[in-house]
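Subject: Structure handover

Hello,

Here is the structure for you to look over. My notes follow below it.

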Amino acid sequence: MKLNELRIGIIHSLIGKNDGVSIVIDQTVEAMVKHLDINLGNFFFLAAHSSPRFNAQTNDVFWHKSEAHKHILLNFNNPDTEGLDELIHENALYAKQVIQEWVDENDIDLIIAHNTSHPYNFITAVGLGYYIEELRNEDIIWPKLMVWWHDSYFERDIFSNPNPVIKKYLKYLPGSTYVNGIAFINKQQIELGKKVFQQDNSAIMEKFFKLRTTVVPNTTEIPWEWEHLDPESETIICPPQDNYNNDFMKDIGLVQQVESRGFTMDDTVILLQHTRVVPRKKIELAIDLAFELEKKFKKNNKNKCVAVIVSGHSGDEQNQYLNNLYVHYSELCKANPDSNVVLIFGEHNILSHRDIIVDKKFYNFAEIPSIIAAYGGIGTYFSNVEGFGNNLLEMMSFALPAVINKYEVYKAEIEQYGFDLPAIDGGGVTDELVDSAYRLLTDIPYRNNVVKHNLKVLKEKLDHKIIADKLEPIIKSMYMRDL
């Protein structure tokens, strides 16, 4: 089997959307097409929902927010398991049938399943496990299966006490008995993977982890010309803008909010929280920073409106968090009655692609950092937990400097690259961070030098070619070497 002739099937709940996994999937396809010479027509997608694309098939059984998945998550630790076994088994059998028909119809050689180590994709993982288990019991070794370990129940305290029914199915998350390869997104996950693998494959574990696993960090490419730009200029370095995005600030409601306070957009400072609305992103700290920056500007006799724009969607994990952020913002407004801080959630105007639906314009999630960079804003990224940092890299690749919290994976695996990212290390917003953010917003040559430095590091250390370089040896091992 020649590598560039492989027919590759990719499974996830979402394909081509705004979530981090969808972004990684598209980056992976791009890298394999460009650097491994695999034809784009050799990729096939199976998901619950997909943006319009060639070779994509959808079925609601893979939807991570289905009623079945909601029930599984709600009862993951619940000792009362009545009806749970039947619910999982029946849905998984159907998922297995869909996967089997998809593989047969498209002659798939390699399945790459994303996040099947996570309970949010429980039915997908079990259905896929049923399918591969049945094949291997019949001594059928095709197709091969590689899983992409973005997250897992081992990494979340809320999944630490599974009930007996859940435990029965955990061997399929991600399915260590039958998996032919694993791509992790950080080094810390390797030890977790070994614990899972040792339960069923301890005899060959050492060899498997040497030949069939790899760590593929989040990567990015810089899709605009930047190297020739002069960082000492008073002109902000940012990607070229086009007419489509001209109305973004108006359409998300920011212009109206700003003008109602007696300001113009020229008097407005923008902070972009380029993530989903989930608790581990610590968006409350971005709101705190906005209020502190407003005070800093006033102290320096500059009256500014400060806006926090959140570009990602809400509702994925804990719906209450969105309400909590509104409460937090309202409390700060009451404590600072003369403040002009604006909080905007842009999810109702942002999709994974540009679109116009019944006269309403939707903006591309990936382009939002570029828009904010053109306005001279900065990014915020105060997560306390991340698998790696896809949205952080995305902001930097579009010339948006960011302030961050040094989460564990950042300290272990990203900090070494030498990005210039003002940071806190746990805790709340500090005076030092406020000063650094203020300088990025007001000292344009300094900002430009930070932007160019980060772009150089991205190009040298985290280009998409890394994905191909990491995947090629383990895929070859799957087809050419026994364990």
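Helices here are DSSP runs of H or I with at least four residues, numbered from the N terminus. This is a predicted model: local features need pLDDT of at least 70, side-chain atom pairs count only at pLDDT 80 or more, and totals for chains, interfaces and linings use all residues. Residues are numbered from 1 along each chain as its sequence is written, and side-chain values use heavy atoms, with hydrogens and water left out.

Helix H13 first. H13 spans residues 390-397 and is mostly covered, with eight of its eight residues buried. Buried means under 20% relative accessible area, exposed over 50%, and partly exposed in between (1.4 Å probe, protein chains only). Among the buried residues of H13 are Asn390, Asn391 and Glu394.

Next, the cores. A nonpolar core is a set of buried Ala, Val, Leu, Ile, Met, Phe, Trp, Tyr and Cys residues joined through side-chain atoms within 4.5 Å. The largest holds 51 residues, and Met249, Leu254, Ile309 and Leu392 have the most contacts inside it. A second, separate core has 50 residues, including Ala95, Ile123, Phe159 and Leu192. Contact means heavy atoms within 4.5 Å. Leaving aside neighbours within four places in sequence, Leu254 touches Met249, Met265, Ile270, Ala307, Ile309, Val342 and Ile344.

Then a helix pair. H10 (residues 283-299) packs on H15 (residues 431-442) at about 70°, with axes 10 Å apart. Axes are lines fitted to C-alpha atoms, for helices over the stretch in contact, and angles run from 0 to 180 degrees between N-to-C directions. H10 and H15 are therefore roughly perpendicular (65 to 115 degrees). On the H10 side, the contact includes Leu289, Leu293 and Phe297; on the H15 side, it includes Leu433, Tyr438 and Leu441.

At 37% relative accessibility, Glu30 is partly exposed. Its C-alpha atom is 9.5 Å from that of Ile467, 437 residues apart along the chain. Leaving aside neighbours within four places in sequence, Glu30 is in contact with Glu221 and His464.

Last, the cysteines. There are zero disulfides (pairs of cysteine sulfur atoms within 2.5 Å). The sulfur of Cys305 has its closest cysteine sulfur in Cys333, 11 Å away, too far for a bond. Cys305 is buried, at 0% relative accessibility. Cys333 is partly exposed, at 23%.

Best wishes

Key:
Helices (H or I, at least four residues) and strands (E, at least two) are DSSP runs, numbered from the N terminus. Angles under 35 degrees count as roughly parallel, over 145 as roughly antiparallel, 65 to 115 as roughly perpendicular and the rest as oblique.
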